[in-house]
Amino acid sequence: MCDQTFVAATFGPCDSCGTASPLMNIYIKNEPINYCSFCMEVMACQGLQKGETLATLKKECESLKKKLEEDRGKLNDVELHQVAEKVEVVGALSIKTRRVLKGHTNKVLCMDWCKDKRRLVSSSQDGKVIVWDGFTLNKEHGMSMPTTWVMACAYAPSGCAVACGGLDNKCSVIPLSLDSNENCAAKKKTVAMHTNYISGCTFTNSDMQLLSCSGDGTSALWDVESGQLLQSFHGHTSDILSLDLAPSETGNTFVTGGCDKKANVWDMRSGQNIQSFECHESDINCVKYYPSGDAFASASDDATCRFFDLRADREVAVFQKDSIVFGASTVDFSLSGRLLFAGYNDYTINVWDVLKGTRISMMFGHENRVSRVRLSPDGTALCSASWDNTLRVIDIFCCFQA
Amino acid sequence: MTINTLAKGGWHREQMTCFQKMEKVIVAMQDPDMGMKMRNQRLLITVIPHAMTGHDIITWLIQKYSICEEEALHLGGMLLKYGYIYPLKEPRSIVLHPDETPYRFQTPYFWTSTRWPASELDYAIYLAKKNIRKQGELMEYEKERYSVLHKRINHTWDFVVMQAREQLRASKQRRKADRIVLECQEQAYWLINRPPPGVGNVLDMGLERPNNFSLRVTLIETCRRALGRNRVKSSICLEGFVKYSEQYQNHDPIMQGCLPSNPWISDDTAHWTMNAEMVPTPTRLRVECWSFSFMELLKDVMGRKEFMTYLEKEFSGENLCFWQACEDIRHGESSKIAEKVEEVYKNFLAPGAARWVNIDSKTMDKTLEGIKRPHRFVMDDAQMHIYFLMKKDSYPRYLKSDLYKNMLAKAIIPQETKKSVFPFMRRQRHSSPSPAQAAAQATEEDGRGKGAGPAGTNSDV
């Protein structure tokens with residue numbers, strides 16, 4: 001459908017999406033509304049129930065949201081830092097870079113560890129996906145993707161394959177061949193197909209299923225073998241930038257965060273959005289579960305990281321400081337969940353005390369944005385990927401105050 | 001400068017936020033009461049007002065935000081990189097020096113956020129001015145860009161030259177100090193927005209995130225559902241986090257170190273070898289972990305094996321087998337679901353089955369009904385029932401059993417490796433077989449397993 005030209009009598013913020021644009025003035029059930037042409041199309045396709053006008057829907061939405069906040073507040077009898085007062089303070093951290101992985105010729109956008117605790121896969125704007133043995137610095141596999149900006153990559157639980165995707169709108173699974181004569185990329189299999197860029201992907205508990213999230217606002221669960229779509233998840237109103245699988249007993253949920261400032265928790269079986277949190281003031285760049293699965297953290301362009309409790313159904317901590325003005329792009333927890341590592345767009349990594357809400361330490365070293373931080377599976381090291389074309393493996397050790 | 005029309009593509013939302021925050025800092029720095037002390041700076045023979053030294057900037061930042069010097073240097077450096085402050089004496093050196101080097105605030109007219117993105121037309125006019133003012137003042141890379149622009153926007157070139165001349169004429173009528181200041185500001189602006197080759201483009205913001213769709217109707221449904229959910233009191237939830245951190249502290253290499261040593265520090269992979277999937281004797285920490293939660297026990301291959309041994313002693317081993325078979329269905333290939341479900345029914349659910357599991361009749365009926373049209377989650381209810389049965393009943397008894405206690409007693413506590421006396425002697429870093437290789441070997445051996453072949457070598461990961 002093409003955008004029809006029309007005479008615009010007014011210009012201003014659209015009643016639906018808020019962007020300033022030429023507005024169409026129409027009447028629905030005697031209520032005047034001013035929509036931009038895009039929202040007009042959307043509305044025409046969705047249709048309204050009998051007795052509903054856009055104004056009433058809007059009002060209902062606002063009142064429901066208010067009631068939800070009230071309900072959430074009712075059981076809020078104590079704050080996290082109060083409960084944490086009795087906990088010992090985390091002392092100084094000794095932080096040392098142990099490995100620098102050089103090989104990408106452009107920004108490194110994503111990385112993931114292998115379950116063997118030493119191998120990792122990284123993907124970059126240069127279109128390449130590299131599998132490294134982080135311990136020896138050997139590059140074990142190097143694969144070229146058809147497009148640049150490979151924004152997502154993941155290692156399969158078995159260690160026998162990797163998944164990656166980006167501007168090609170697809171997520172592909174590549175089995176790792178040991179035959180040096182074989183071109184790994186040739187065996188690439190397209191599994192996920194979206195209508196916009198792939199921003200994140202992860203295998204579920206086995207090599208057979210893949211979760212992907214995309215700039216088209218949806219996430220999806222795929223069967224790797226057949227490429228079949230098993231379930232799709234709708235609810236975000238803008239690009240989704242990150243997802244994480246829950247480490248819970250029943251292993252059926254995952255969380256996504258996106259440009260609509262919302263973090264949503266989904267049920268993989270039914271496709272339903274079971275919980276939603278809208279507390280950030282800007283795009284959410286990354287979401288990561290707390291090791292127990294009862295909470296998750298998010299990193300956002302509003303320069304804060306936040307901690308959300310799933311059982312209490314609310315935000316319980318905000319990690320921010322006046323001197324931190326650049327957006328946070330990535331987060332991960334330490335094994336015990338006591339520390340939160342956050343990578344920022346001002347090239348630094350800040351380490352936060354999750355329980356007390358304070359910043360413990362600041363890491364310098366990268367020469368451009370930190371795009372991803374990930375703890376190794378056994379918690380022995382932290383890997384950071386950056387727009388300065390390198391990855392670093394960092395060892396951190398904490399000394400408690402006497 | 002020409003008036004900038006509405007930029008194509010509009011704002012990057014992420015820029016807005018961080019620019020706004022930086023501008024807040026800058027405004028605070030110029031606050032008449034709490035801001036920085038300005039002084040006059042002599043530049044050759046002219047006196048430039050309202051300048052400050054690098055040292056002043058850092059001291060102010062340290063005091064205002066209660067941060068250390070390193071962070072203040074970093075934050076100040078960022079303000080410089082984004083063009084909010086510029087160096088007076090060496091404009092091309094966009095580095096914050098913590099000494100008497102003079103800096104000035106950029107005027108809001110030239111803030112990156114005010115005129116985003118920098119327009120080609122303006123750049124052409126700037127270069128033209130430089131060219132006209134003094135022949136040969138353009139640097140090599142500027143000359144190249146000038147000629148590229150000349151080709152690209154040739155149709156407006158008369159306008160460019162005319163504007164350049166007008167602006168030069170207007171500036172001649174200004175006081176010398178003002179003229180120098182304006183030139184400095186303009187030069188600083190272009191050094192940021194059109195950096196020389198080799199200098200990274202700080203304004204590279206990555207990909208745009210353009211999409212926005214309105215789904216007000218589903219929003220209402222989500223809200224309605226959220227209102228009905230059960231919530232837990234905050235005190236209980238938050239206590240849970242404290243407990244979890246305490247419980248796992250000893251297992252967290254960052255908090256407590258790891259024995260015998262962290263492989264990334266000592267280059268010794270003993271820690272990984274000792275904690276491999278299958279070892280003759282597990283470490284103490286690992287066995288302790290099995291007592292933290294049922295999930296920890298099941299997640300560990302060795303733990304599961306031990307638990308199976310215990311269950312078989314109690315004649316309830318079929319429960320764990322059933323659970324594992326259901327996991328296999330849930331996470332396996334779609335194409336194999338039907339046959340796997342059939343297998344599970346035959347072995348565990350059919351009346352008189354060899355390893356019949358005890359499920360309540362309601363769940364059994366529901367499952368049997370579902371099996372008629374098998375799908376990935378058809379066994380979920382039954383699996384959940386057996387899982388909780390094991391968790392509530394067999395698991396606690398296992399932890400009290402001799403089997404577990406003996407395992408705990410004979411578990412290894414590795415000796416901490418003494419740090420090397422000669423730190424410069426680095427151990428050789430050995431590579432390990434790739435998991436892909438181990439899998440390939442396994443399938444190969446399976447293939448010739450039936451015949452008499454040499455025993456495969458044990459590769460330790």
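Chain A has three helices and 31 strands. Those are DSSP runs, numbered from the N terminus: helices are H or I with at least four residues, strands are E with at least two. A word on the source: this is a predicted model, where local features need pLDDT of at least 70, side-chain atom pairs count only at pLDDT 80 or more, and totals for chains, interfaces and linings use all residues. Residues are numbered from 1 along each chain as its sequence is written, chains are lettered from A and ligands numbered from 1 in the order written, and side-chain values use heavy atoms, without hydrogens and water.

Now the overall form of chain A. Its C-alpha atoms fill a box of roughly 70 × 60 × 40 Å along the principal axes.

Next, burial. In chain A, 62% of the 402 residues are buried, meaning under 20% relative accessible area (1.4 Å probe, protein chains only).

Over to chain B. Helix α15 covers residues 301–313. Its 13 residues should span 18 Å at 1.5 Å a residue, and the end C-alpha atoms are 19 Å apart, which agrees. The expected span is 1.5 Å times one less than the number of residues. Which residues of α15(B) are buried? Among them are B:Met302, B:Phe307 and B:Leu311. Their cover includes α16 (317–331) and α19 (380–400) of chain B, with contact meaning heavy atoms within 4.5 Å.

Methods:
Buried means under 20% relative accessible area, exposed over 50%, partly exposed in between (1.4 Å probe, protein chains only).
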